[in-house]
Amino acid sequence: TTAPKGPVRRVAIFGGTHGNELSGVFLVKHWQDDGTEIQRPGLEVRPFITNPRAVEKCCRYIDCDLNRVFDPKRLGEQLADNTPYEVRRAQEINCIFGPKGSHEAYDLIFDLHNTTANMGGTIILENSRDDFTIQMCRYIKDALAPEGCPVFLIEHPNLKYATTRSIAKHPVGIEVGPQPQGVLRADILDKMRRIIKHGLDFVQMFNAGKEFPRCTIEVYKIMEKVDYPRKKNNEIMAVIHPNLQDQDWQPLNPGDPIFLTLEGKTIPYEGDVVVYPAFVNEAAYYEKQQAFVKTEIEKLSAEGIRACVS
């Protein structure tokens, strides 16, 4: 089991990994001014703005996507005059909260994100064998019920990316939408705030010696990315079909419409299994050549966990 034997002591909450995803920016800045809401006995919780220059400009990033550069190569490369700002920043963040993969790294990092897609309050899980985080997901899901809280597993041989939070022993992404870039919505803010509250409550209970019995949760596991249909010059030639728009986490059946051309032609989903789309029409993914991701439902089990409290 990958569960920590002793208590989880050091937690960080990251906002502004993408500078135009404002819920996390707003909450982290608030908690830096007044951290009462995120303080828990015996826990060091550090709110932190990860990409301050992008936050200042209210753009996703300055030179490159900060949430894609936490791989060993870029964390270890020699800095030069032409090194992208986000690669420099990644090395700074790794020094403060890492080093990634080391015993000294922070126990847990919550990384706060917004999506323009209708994904609700989604928890992003990076490792299907992380019992501690799976148990936390179970706890948060139960606490939020009957409101849904999808868990998105991004573990994949090719599609997994080197996230900012991946320097922690237990990385947790919080992805809440729909919210336009550069905009604050009260309902979205509230949802993110409640997920963090329940997550911290879980850690506090774990640290106090509470036992969490073996559990199973349903997750949406990433299968593949789907790009827009494109012309020879690489320009988009169709948009997300109205029937698919806002239908994140809903079953997409073979033959269902996914794209619509300007001529009015419908392009159907040609797969042979039911999939569950997410990040449907995400604004930030146009540049990544991605219209949505296909996921499949999988059951994940976690062993029972209990901290050894002296």
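**Entry 1. Strands S4 and S5**

I started with strand S4 (residues 120-125), which is joined to S5 by three bridges, the two strands running parallel. Strands here are DSSP runs of E with at least two residues, helices are runs of H or I with at least four, and both are numbered from the N terminus. I count two strands as paired if DSSP finds at least two bridges between them. Leu 125 stands opposite Leu 153 in S5.

This is a predicted model, in which local features need pLDDT of at least 70 and side-chain atom pairs count only at pLDDT 80 or more, while totals for chains, interfaces and linings use all residues. Residues are numbered from 1 along each chain as its sequence is written, and side-chain values use heavy atoms, with hydrogens and water left out.

**Entry 2. Phe 152**

I looked up Phe 152, which lies in strand S5. Is Phe 152 buried or exposed? Its relative accessible area is 2%, so Phe 152 is buried. The cut-offs are under 20% relative accessible area for buried and over 50% for exposed, with partly exposed in between (1.4 Å probe, protein chains only).

For contacts I took heavy atoms within 4.5 Å. Leaving aside neighbours within four places in sequence, Phe 152 is in contact with residues including Thr 122, Ile 123, Ile 124, Leu 125, Trp 249 and Phe 279. Phe 152 and Ile 124 are 28 residues apart in sequence, and their C-alpha atoms are 4.8 Å apart in space. On S7, Tyr 220 is the bridge partner of Phe 152. Tyr 220 is also one of the contacts of Phe 152.

**Entry 3. The nine-stranded sheet**

I then followed the sheet across. Nine strands form an open sheet with mixed pairing, in the order S2-S1-S3-S6-S4-S5-S7-S12-S11. Strand S2 (44-49) and strand S11 (276-278) stand at the edges with a single partner strand each, so one side of each has no neighbour in the sheet. From one strand to the next the twist averages 35°. Angles run from 0 to 180 degrees between N-to-C directions, and axes are lines fitted to C-alpha atoms, for helices over the stretch in contact.

I went through the pairs towards S11:
- S5 (residues 151-153) and S7 (residues 215-226) pair in the parallel sense over two bridges.
- S7 and S12 (residues 292-302) run antiparallel and are joined by eleven bridges. Cys 215 has Ala 302 in S12 as its bridge partner, and Glu 224 stands opposite Lys 294 in S12.
- S11 and S12 run antiparallel, with three bridges between them. Tyr 276 stands opposite Thr 295 in S12.

**Entry 4. Helices on the sheet**

Which strands does H6 lie across? H6 lies across S1, S2, S3, S4 and strand S6 (170-177), and runs at about 170° to S3. Helix H4 (residues 85-97) lies across strand S1 (10-15), S2 and strand S3 (108-114), at about 170° to S2.

I also checked H6 against helix H1 (residues 22-33). The two pack at an angle of about 60°, with axes 10 Å apart. H1 and H6 are therefore oblique to each other; under 35 degrees counts as roughly parallel, over 145 as roughly antiparallel, 65 to 115 as roughly perpendicular and the rest as oblique. Residues of H1 including Phe 26, Leu 27 and Trp 31 meet residues of H6, among them Ile 188, Met 192 and Ile 196.

**Entry 5. Nonpolar cores**

I defined a nonpolar core as a set of buried Ala, Val, Leu, Ile, Met, Phe, Trp, Tyr and Cys residues joined through side-chain atoms within 4.5 Å. The largest has 46 residues, of which Ile 13, Phe 110, Met 136, Ile 174, Ile 196 and Leu 200 touch the most other members. Helix H6 (residues 186-207) gives the most to this core, nine residues. Another core, of 17 residues, lies apart from it and includes Phe 14, Phe 70, Ile 93 and Ala 162.

Not counting residues up to four places away in sequence, Leu 200 touches Val 11, Ile 13, Ile 38, Arg 40, Leu 43, Val 45 and Phe 110.

**Entry 6. The three-stranded sheet**

Three strands form an open antiparallel sheet in the order S8-S9-S10. Strand S8 (238-240) and strand S10 (266-268) are at the edges, each with a single partner strand, so one side of each is left without a neighbour in the sheet. S8 is joined to strand S9 (residues 257-261) by three bridges. Ile 240 stands opposite Phe 259 in S9.
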